[in-house]
Amino acid sequence: GPVINPQSVTDYLALPQCLICVSPQGDIEWIVEDVESTKLNDVLTQHDCAPSDITLVRLDDGEFLMPGLVDTHTHACQVPNLGVGGEMELLQWLDNYTFPTEARFKDVKYAERAYPDVVRRIVNSGTTTCCYYGSLHLEATKVLASLVHAAGQRAFVGKCNMNWNCPPNYIEPSVKESVDTTLALFKYIEELPKATCGESLLHPILTPRFAISCTEELLTRLSEIAQKNPKLAIQTHISENKSEVELAKSLFKTNSYAEVYDKFHLLRDNTVLAHGVHLTEDEMMLLAKRGSGVAHCPTSNFYLSSGMARVGMLLDHGVKVGLGTDVAGGYSPSILTEVQHASIASKMLAIQATDNKKCKCSGGHSELSSSGEEDSHSRGRHGHKHHECQCDCECNEKQPGRFTNQKLSIATLLYLATLGGAGVCCLQDRIGSFEQKRAFDALLVSVREDDTGNPAVWGYNPGRDLTQGVTAQSADKSLIEWLERFLFCGDDRNIKKVIVQGRTIGGRDYHPAR
Ligand code: GUN
Ligand code: FE
């Protein structure tokens, strides 16, 4: 049936009659991009498949398959706080809403009550791979890890390291305790049984919450753990909010936020950095050099008035980018909401850049920065560095890239939600698109109103059958529109199956035996 297959940051395939062969272990054995139903037997013979050896699944009208969504940044322990506190900015919000919410997870019984619904909701949102932050508590985070493991989701689970600048009832009492509980969680996760494919779908992740909450001594110890385990993933926050950036630089006496992490060798190819709203061009170059990825969290960046991350500029600098819900900085557990806000943020930046097109500068000028504040720069002929401001004048120093200040296309948005996220998690060889030898992590999407009950996604026309009697071109077009409608108006009602490593683990049609 119809398949959407991301290819690159600028391309995806819309295939009306695609056949994907999945092994019992859940890996993709082969793909035929265009199978006419009459030639199905020939295709099977070519691949040495006896019809009796396989189960053939034909999609119903109005259905298509696409790769599962990747959430590169979320806080499971903040779900109880979803949708409140958005009038504050980051540092105030942490003190008034977030830390008190997370502190409740000291009680394991509370974690056992709260986390099952959290994991179920995230899975049913179509997230097949998720980078989770737990609270600082070992026992509660073990509960989270075992639920994610039991659900069969591909994931990274970490407990926060935080021993500095946090309230007395929500802080780790010593470096030793922070390190010991971290190592105990790693051991617990690594000892959970592997999936039937022989691979672990769940991985531990080192989670220094952010620079401000970790002393130098703690970062030094975490860095030692990271050096000993080059494959260990790392996640933290960076340059989300202007006051946060200033505080981090002053606490660690560095010139930039990225330098703080780099000083402790925490920037590497398996580091996931959330937000990056206020990263400078020099920092972007450093991240690209280290291979670290950015979790773009636009819902949260709007909700907490943090600003708009310059995704186009990050891509032009060769920084890996994926999407993150950042619950509960973001108020939605769905990556679809991030797709929508990533699109809007990129349009806002593009509009600002056009508005600023006529350079008003005559030497040291000031420009509106991405966060909407006056921002004077002191470098370059025009007194500013053009990539760092939104100015679009014809000055020689300007090297516009392909994506800087441009609206993100549907292909790029799809990429960020799938392949881009896979790259940020260093899983680009396993997930993100349908390709031979990759895992079959997929969503079965339906755009039929009568089937899903979502009248907003009305793209399916029952009079028209994608697999019969339409030219490839018109079929392609309707499939492209189905994808676009799903991304912008779809929700969990349209996701019939959530499949990880070939196994259905969620979605509207998933009814596990109790
Ligand atoms: N920075 C440090 N902790 C947090 C958090 O929980 N959420 C967000 N959005 N930013 C943070
Ligand atoms: Fe966050």
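**Entry 1: ground rules.** I am working on a predicted model, where local features need pLDDT of at least 70 and side-chain atom pairs count only at pLDDT 80 or more, while totals for chains, interfaces and linings use all residues. Residues are numbered from 1 along each chain as its sequence is written, chains are lettered from A and ligands numbered from 1 in the order in which they are written, and side-chain values use heavy atoms, with hydrogens and water left out.

**Entry 2: ligand 1.** I checked its polar contacts (pairs of N or O atoms within 3.5 Å). Arg 209 places a polar side-chain atom 2.6 Å from an oxygen atom of ligand 1. For Gln 78 I read 2.8 Å, also to an oxygen atom of the ligand. Taken alone, ligand 1 exposes 280 Å², and the protein buries 100% of that. These areas come from the Shrake-Rupley method with a 1.4 Å probe.

I then listed the shell, meaning residues with a heavy atom within 4 Å. It includes His 75, Gln 78, Trp 93, Arg 209, His 237, His 275 and Asp 326. Helix α2 (residues 90-103) gives the largest share, 4 residues. Helices here are DSSP runs (H or I, at least four residues), and strands are E runs of at least two. By type, I found 4 nonpolar, 5 polar and 3 charged residues. Gly counts as polar in this scheme, and Asp, Glu, Lys and Arg count as charged.

**Entry 3: the iron ion.** What are the protein donors of ligand 2? I found His 73 (NE2), His 75 (NE2), His 237 (NE2) and Asp 326 (OD), lying 2.0 to 2.2 Å from the iron ion. A donor here is an N, O or S atom within 2.8 Å of the metal (3.2 Å for Na, K and Ca); water is not among the atoms, so sites may look incomplete.

His 75 sits in strand β6 (residues 69-75). Asp 326 is in the loop between β14 (320-323) and α12 (335-355), 251 residues apart from His 75. Both are buried (under 20% relative accessible area, 1.4 Å probe, protein chains only): His 75 has 3% and Asp 326 has 2%.

**Entry 4: Met 284.** I found Met 284 in helix α9 (residues 281-290). Met 284 counts as buried because its relative accessibility is 1%. Val 294 is 10 residues from Met 284 in sequence and 9.8 Å away in space, C-alpha to C-alpha.

Definitions and conventions. Polar contact = N/O pair within 3.5 Å; in protein donor to acceptor, adjacent residues only side chain to side chain. Buried < 20%, exposed > 50% of the residue type's maximum accessible area, 1.4 Å probe, protein only.
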